[in-house]
Amino acid sequence: MAAALPAAIGATEAGTDNDDDDLKRAIAESMRMAHEQQEAALTTPGARVEAGMVVVPNVGDAAPLSILEAEYAAGDHGALWAAKLRALSARYVAIRRVRGDGNCFYRSLWMGYMERLLALPVAERRRFWEEEVPSLVSTMRAHLPDDERRHAFVTLGETFARSACALCNVPDSAPDSAAGAADAALEEYAEARVLLEAGIEHCGAENAEMLVRALGQMRRTGPSPALEAEGVALAWPGKGDESKYAAGETRFERLSAPAWPNDCPRGTYYPTGHAAIAVSTTPVLPPDECAWVVSQAERVAKERWMSDHSDATKKGADMIWTKGFPDRLWLREVPGLVEWFEHRLRTRLFPMLQSLYPEAIPTADVLRCHDAFISRYTSEGMNSLEVHQDTTDFTFTIALNPSSEYEGGGTLFPNVRPADADNAQPFANHVAAPEVGCVVSFPGRLHHGGHPITSGVRYIIPLFIYLDRNKLTDRERGYLLHEAGIVPAAPAGLDVFSKHLNAQR
Ligand SMILES: O=C(O)CCC(=O)C(=O)O
Ligand SMILES: [Fe+2]
């Protein structure tokens, strides 16, 4: 500890002997106090020693209020403390110790709100967050004495808000993750996931039904071990082809939308409607690979195409769906498809997306694809997808079969025009109908739909793409919990099944 004394304290030899003695006593006293504080801190649950100093968690574990009784029983004001504790016990069941570092008040306040939020039913939770928290924030702000403190309060609030969003936006019914909807409403997907896992760890799965449900859409189970082994052994087409995506060799038509819809809760990384849509007119993926994907899916799936046609309870989190979805089959259910897809995400599809939207996507390695499936439109079954918004950063579709195999189809955009059109040209309906191996990409918030097919079968892979905020900001996964002094559950719970297909860092 002596080595840590500031130089200024050691440099007082010029003073008188008395000064010197006083100073020595003062130093000894402050060292004794510091030592005592450190010893006391060491008994705080969750305390750890870093570089010789005891570091207590920002927010400690919940402990029964009764622990305070022992602490305050002795001393002159024991009776007063006992009365205060009785009053506290009438309203609270537990306490958490919060590190006293200047931010402790704000941290306690936000943590308290988070905790109350978790205890509420889902519908209540949203109202609580949307109505009560803003009113609290404005009252608090008005009472804070200076800008610095107002800033500290709001910044910390925003940190908690990001995680709280994860808990508020959870729809009541099990959300349909296939639509890429509910989960994308989370500003910070990876963080929300860690947070929910930690919540479950904390409450126990049996008491955390809602959290488990919320996580259900994020908790990806990989292929079964047998299927994975089969996939790895398979000689899927393109295996070993490391040739890079050559931006100059693929042609695109660009289309513009007038402006972003204002019902756009998640916002978008794409700043303008200009050239928001890109439709490739030359293949991004080799057509023979697409044909293999379809044949593999049909061979394996047969009657396993999953239909949730007309199930009125299965609406997306945005409550925009009134009709069912086309048939779908998860890639992970078909041997070799995950391996093939991962390979193409890395070698072609992510580099392509990055080169189309360089202002929004700094590097391809911040891109994440949140699981993936094949959609199958049939003229006699589900032949279309109503106009909707995806809550993704970007969405794109890959056409898996030639347009000669169906009539109609394509991705419908209700209100667009060519990017190079002059301003007088009105915006209008447009159907982008890419050939096999070609893609249609756009910021997911842009209104779009699956145009009806009138005969045949149309296969696509829609890709729901997110920018990994942790990666963008260079933050470790779980930093929100760490900031709150909670140690996240072991990553074993984060059953990610692939590097590119999920929010794993
Ligand atoms: O069929 C299409 O091209 C659109 C698909 C789509 O928007 C979706 O699956 O979210
Ligand atoms: Fe969509």
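A residue counts as buried here if 20 or more other C-beta atoms lie within 10 Å of its own, as exposed if 12 or fewer do, and as partly exposed in between. I start with that because two residues in this talk are sorted by it. The model itself is predicted.

First, the overall picture. The protein chain has 505 residues, and 36% of them count as buried. Its secondary structure comes to 14 helices and 17 strands.

Now to Tyr377. Tyr377 sits in strand β9, which covers residues 373-378. Is Tyr377 buried or exposed? There are 24 C-beta neighbours inside 10 Å of Tyr377, so this residue counts as buried. Leaving aside residues up to four places away in sequence, Tyr377 touches Pro326, Met382, Asn383, Ser384, Gly409, Gly450, Ile453, Val457 and Arg458. Asp327 is 50 residues from Tyr377 along the chain, and the C-alpha atoms of the two are separated by 6.6 Å.

Next, Gly381. This glycine belongs to the loop between β9 and β10, the latter being residues 385-388. Gly381 has 14 C-beta neighbours inside 10 Å and therefore counts as partly exposed. Between its C-alpha atom and that of Val457, 76 residues away along the chain, the separation is 9.7 Å. Val457 was also on the list of residues that Tyr377 touches.

On to the ligand. Which residues surround ligand 1? They are Ser375, Leu385, Asp390, Thr397, Thr411, His448, Gly450, Ile460 and Pro462. Sorted by class, this shell has 3 nonpolar, 5 polar and 1 charged residues. Two strands each supply at least two residues of the shell: β16, residues 448-450, and β17, residues 453-467. Gly450, part of the shell, is also one of the residues touched by Tyr377.

Last, a pair of helices. Helix α3, residues 66-73, packs against helix α4, residues 78-91, at an angle of about 170 degrees, and their axes are 9 Å apart. That angle is why α3 is described as roughly antiparallel to α4. The crossing of α3 past α4 is right-handed. On the α3 side the contact involves Leu68, Glu69, Tyr72 and Ala73, and these meet Gly78, Trp81 and Leu85 of α4. By class, the residues of this contact are 5 nonpolar, 1 polar and 1 charged.

Note on methods. Residues numbered from 1 in each chain as written. Chains lettered and ligands numbered in written order. Predicted model: local features only at pLDDT ≥ 70, side-chain atom pairs only at ≥ 80, totals over all residues. Near = placed C-beta within 6 Å. Helix = DSSP H or I, 4+ residues; strand = E, 2+ residues; numbered from the N terminus. Nonpolar A, V, L, I, M, F, W, Y, C, P; charged D, E, K, R; others polar. Contact = placed C-beta atoms within 7 Å. Axes fitted to C-alpha atoms, helices over the stretch in contact; angles between N-to-C directions. Parallel < 35°, antiparallel > 145°, perpendicular 65-115°, else oblique. Left-handed = near helix turned anticlockwise from the far one by under 90°.
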